[in-house]
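These are my notebook entries on one structure. I set down what I looked up, entry by entry.

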Amino acid sequence: MNWVETMRTSWFAIASHKMRSALTVLGILIGIAAVILTVGLGLGTQKDVSSQISSLGSNLLIVSPGSSTSSTGVRGGFGTGSTLTEADADALASKVNAPDIKGVDAEKSSSQELTAGSTNWTTTVVGATPAYLGVRARTVQTGSFITAKDESDQASVVVLGSETAQELFGFTEVVGQTVTIDSQSFQVVGVLASSGSNSTSNLDDTAIVPLSTMAANLVGGSQANSVSTVYLQARSADALPAAYQEAKSVLLNRHGISASSDADFTISSQDSLVSTATSVARTLTILLTGIAALSLLVGGIGVMNIMLVSVTERTREIGLRKALGAPPGAIRNQFLVEAGTLGLTGGIVGAALGIVAALVLPGLIGSSVEVSGVAIGVSLVVAIGIGLVFGVYPATRAARLAPIDALRTE
């Protein structure tokens, strides 16, 4: 019997038991679709995390102050202290001190209530420098941004995030309007282009004022000269390690600290954030893929079960064919082709279902799902492999049947 005849006979055997074959295929296709979706969700999560972190800016280093200690001895966490100042930011901006740092943006933030007419909205007010746009990779949708003159004059001007403008005025064309912050009037000079959200905040819900204005009019007191965060932009991605070392050295020297372990500040990079988040996402993907793969094992056992039933039902047919001269190899090949066909059919349908689900799910769950060509290819190979591996025993059993015993079977 040639391979064409083997394929034809195998397909006839599968088609003659449509329901049984369909249920066998179902077990495999569910497993294949689950694996493709799991891998897609993992890759999509990694992409979303990288995108969110990249929205902070490009080639970015984030300098945060150390911890604070209250009068009663209670220590706060990292970032609660007042160890970073505007003078530190000026020193980091020096090309002599840090030649690999391209831009520096010192920020001071506070939650404030903004009022426009009879409407109020509470948001994060950020005191920033004119370098904010370049360092933080933001753009202005309408109007302009804070200028060096605004900074030097402690001007009462504000740039609103698009959502903040929408909440206060009901529209975003608000340049020239006036808002009140802490009983002081600020003129809106610009509206930021939408930038979405990162892992901690809504980047479109904010209000930017000059850092000098924030220090003098909205915060003041002992906290006037301190800053909550300093963002550093390296010259390039390759220069990021050098910029990190330069920033660390400058701040240690300015703060009179000799040992790095005693530093009253922390410096983090996007690379470390991305690698940590990606590592977590990869671990979860592997775990979930392993769980999904169990359904493939169940599907494989289903293939073996169906093929054993098929051998039992077709014992007389097998005996007749062997009595007419069919070699054991031809019998074995037929049952292996049947098992492989069931596996391949389940793989193709499962892959198609996984791709369709990957296209539909993002709109339902709000998370990206990346279709991986490698995952699809491997899944199809695994599906065929499952059919063949779990079909070996039934096929071998059929090939070993003695013709006389098979013909006696009722």
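**Entry 1: one residue and its surroundings.** I began with Ala148, which is exposed, with a relative accessible area of 56%. Ala148 has its place in helix α5. I noted that helices (H or I, at least four residues) and strands (E, at least two) are DSSP runs, numbered from the N terminus. Between the C-alpha atoms of Ala148 and Thr129 I found 7.8 Å, and these residues are 19 apart along the chain.

**Entry 2: the basis.** The model is predicted: local features need pLDDT of at least 70, side-chain atom pairs count only at pLDDT 80 or more, and totals for chains, interfaces and linings use all residues. Residues are numbered from 1 along each chain as its sequence is written, and side-chain values use heavy atoms, with hydrogens and water left out.

**Entry 3: aromatic rings.** How many aromatic pairs does the structure hold? I found 2. Rings of Phe, Tyr and Trp (its six-membered ring) pair if their centres lie within 6.5 Å; planes under 30 degrees apart count as stacked, over 60 as edge-to-face and the rest as tilted. Tyr132 and Phe145 are a stacked pair, with 5.5 Å from centre to centre and 15 degrees between the planes. Tyr132 belongs to helix α4 (residues 132-136) and Phe145 to the loop between β4 (140-143) and α5 (148-153), so this pair ties together parts 13 residues apart in sequence. Tyr132 is buried at 4% relative accessibility, and Phe145 is buried at 8%. Phe169 and Phe171 are a tilted pair, at 6.3 Å centre to centre and 45 degrees between the planes. Here Phe169 counts as buried at 19%, whereas Phe171 is partly exposed at 40%.

**Entry 4: the cores.** A nonpolar core is a set of buried Ala, Val, Leu, Ile, Met, Phe, Trp, Tyr and Cys residues joined through side-chain atoms within 4.5 Å. Which members of the largest core touch the most others? Of its 27 residues, they are Ile32, Met307 and Phe335. Two or more residues of this core come from each of α2 (18-54), α9 (270-313), α11 (328-365) and α12 (373-399). Leaving aside neighbours within four places in sequence, I listed the contacts (heavy atoms within 4.5 Å) of Met307: Phe335, Glu338, Ala339, Leu342 and Pro394. A second, separate core has 24 residues, including Val63 and Leu211.

Methods: Buried < 20%, exposed > 50% of the residue type's maximum accessible area, 1.4 Å probe, protein only.
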